[in-house]
Amino acid sequence: MITPRTKPSSFFPEEAADDLFVVQQRKAKLEGYVQTLAAMDELIDFAAMAAAVDKACPRADRSKGGRPPYPTEALVRMVFLQGLYNLSDEQCEHQVLDRLSFQRFCRLDGALNIPDARTLWNFRQRLAEGGPGGRAIFEALSQQLQRHGFIPRGGQIVDASIVQAPITQANAREREALNKGEAPEGWSKKRLAHTDRDARWTQKHGKAYYGYKLHGNVDARYKLIRQMKITAANADDGQQLPDVLQVANTRKRLLADRGYDSAANRQTLQQHGLADGIARRAKPGQTAKVRLKQRNKTINRTRARVEHVFAALSQQGGKCVRAMTLARNALAITLQCAAYNARRLVWLVKSAGASAQPA
């Protein structure tokens, strides 16, 4: 005979009944696990971010009525969590419903209604279609980084990293049509809607990748992302250099790998008054490479710091995307970079505080 299960009881009923502050104690203990999130909430002005988003991507007209919209700041905080923890819209909705720390971060603790996955999708669509929506979040955070005293220092490092996308199954003829922006013969509207027509193939170290590229500019001192550009994966790295330059760095030097070695890029650096720190390719037939290798080795000692940034983005889940258009994937990558900068800001402030304390 199977005994019916009863409602589980507390392992320590006496303690639970006697402790009138159990909720406060749990909140205090939970803070130990979400210190980074709490520090971001303290250091970053999300209201300013929301104002920048509303200016770049105005809300739809509500003069004819309809359900009152959620505050932009709450939605910005939720998409920020998505970039920080690589959450889909459905996962973010579930986590905010389930986790007290996420509710407090989004200012939704005690709220009767919480934005659902569809609301998040519509908000991200608003940011993506608006173009500067995601950039508004990134740039508003960048301004706050400088107000905290972390201005670009030590020179700038430019590099690119591949961000993989779901592979589209297509033969050579269908692939050619997709690359031209045309619909392959026999494809339904549903199949086209579930096909990423903006991603492209590329090769790196003999291995093929499908997706996009993040072209980033990182300062050598603080390893913060200062400029970025997102393209299809087959875009040439060297041609994107003018679009990711930042002349505001206190040290007038730019470091980059051999993929940026071209006369046009060297001329661009000269026009902006930047010292040339681009690694050199060996010339055809060149045999004496001792000085060349020594120069590149000296550059790479500092240039390698950009790889730490890309590794951190990979740990956040920022080296893969899910959407089906360049605009939405660019938004996702931009939010990942903003989340990285916020996490880095917390570490920098904590390190500065620790070094300022007397031994």
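Visitor: How much space lies in the second largest pocket?

Guide: About 450 Å³ of space lies there. A pocket is found on a 1 Å grid over the protein atoms alone: it is an open set of points where a 1.4 Å probe fits, with protein on both sides within 12 Å along at least five of seven lines. The volume is the space filled by probe spheres set on the points, which are joined across faces, edges and corners. This is a predicted model, where local features need pLDDT of at least 70, side-chain atom pairs count only at pLDDT 80 or more, and totals for chains, interfaces and linings use all residues. Residues are numbered from 1 along each chain as its sequence is written, and side-chain values use heavy atoms, with hydrogens and water left out.

Visitor: Which residues line the second largest pocket closest to its centre?

Guide: A lining residue has an atom within 4 Å of a grid point. Here 22 residues qualify, and Asp89, Arg124, Arg322, Ala323 and Arg328 are the closest to the centre.

Visitor: Which elements supply at least two residues each to that lining?

Guide: Elements are DSSP runs numbered from the N terminus: helices are H or I with at least four residues, strands are E with at least two. For the second largest pocket they are α5, α6, α8 (117-129) and α15 (326-356). The most comes from α15, with 6 residues.

Visitor: What is the lining of the second largest pocket by class?

Guide: Ala, Val, Leu, Ile, Met, Phe, Trp, Tyr, Cys and Pro count as nonpolar; Asp, Glu, Lys and Arg as charged; the others, Gly among them, as polar. This lining has 8 nonpolar, 9 polar and 5 charged residues.

Visitor: And what of the largest pocket?

Guide: It holds about 680 Å³ of space. Its lining has 25 residues, with Ala160, Lys204, His205, Asp237 and Asp257 closest to the centre. Two or more residues each come from β1 (156-164), β2 (200-204), β3 (207-219) and α14 (305-316). β1 gives the most, 5 residues. By class, the lining of the largest pocket has 7 nonpolar, 7 polar and 11 charged residues.

Visitor: Back to the helices. At what angle do α5 and α6 cross?

Guide: Axes are lines fitted to C-alpha atoms over the stretch in contact, and angles run from 0 to 180 degrees between N-to-C directions. Helix α5 (residues 72-85) and helix α6 (residues 89-98) cross at roughly 110°, their axes coming within 10 Å. They are therefore roughly perpendicular. Under 35 degrees counts as roughly parallel, over 145 as roughly antiparallel, 65 to 115 as roughly perpendicular, and the rest as oblique.

Visitor: Which residues of α5 and α6 meet?

Guide: Contact means heavy atoms within 4.5 Å. Met78, Leu81 and Gln82 of α5 meet Asp89, Cys92 and Val96 of α6. By class, that is 4 nonpolar, 1 polar and 1 charged residues.

Visitor: How do α5 and α8 pack?

Guide: Their angle is about 90°, with the axes 11 Å apart. So α5 and α8 are roughly perpendicular too. From α5 come Thr72, Leu75, Val76, Met78, Val79 and Gln82; from α8 come Thr119, Leu120, Phe123, Arg124 and Arg126. This contact has 6 nonpolar, 3 polar and 2 charged residues.

Visitor: At what angle does α3 cross α5?

Guide: Helix α3 (residues 35-43) crosses α5 at roughly 140°, and the axes come within 13 Å. That makes α3 oblique to α5. Leu37, Met40 and Asp41 of α3 meet Arg77, Phe80, Leu81, Leu84 and Tyr85 of α5. The contact has 6 nonpolar, no polar and 2 charged residues.
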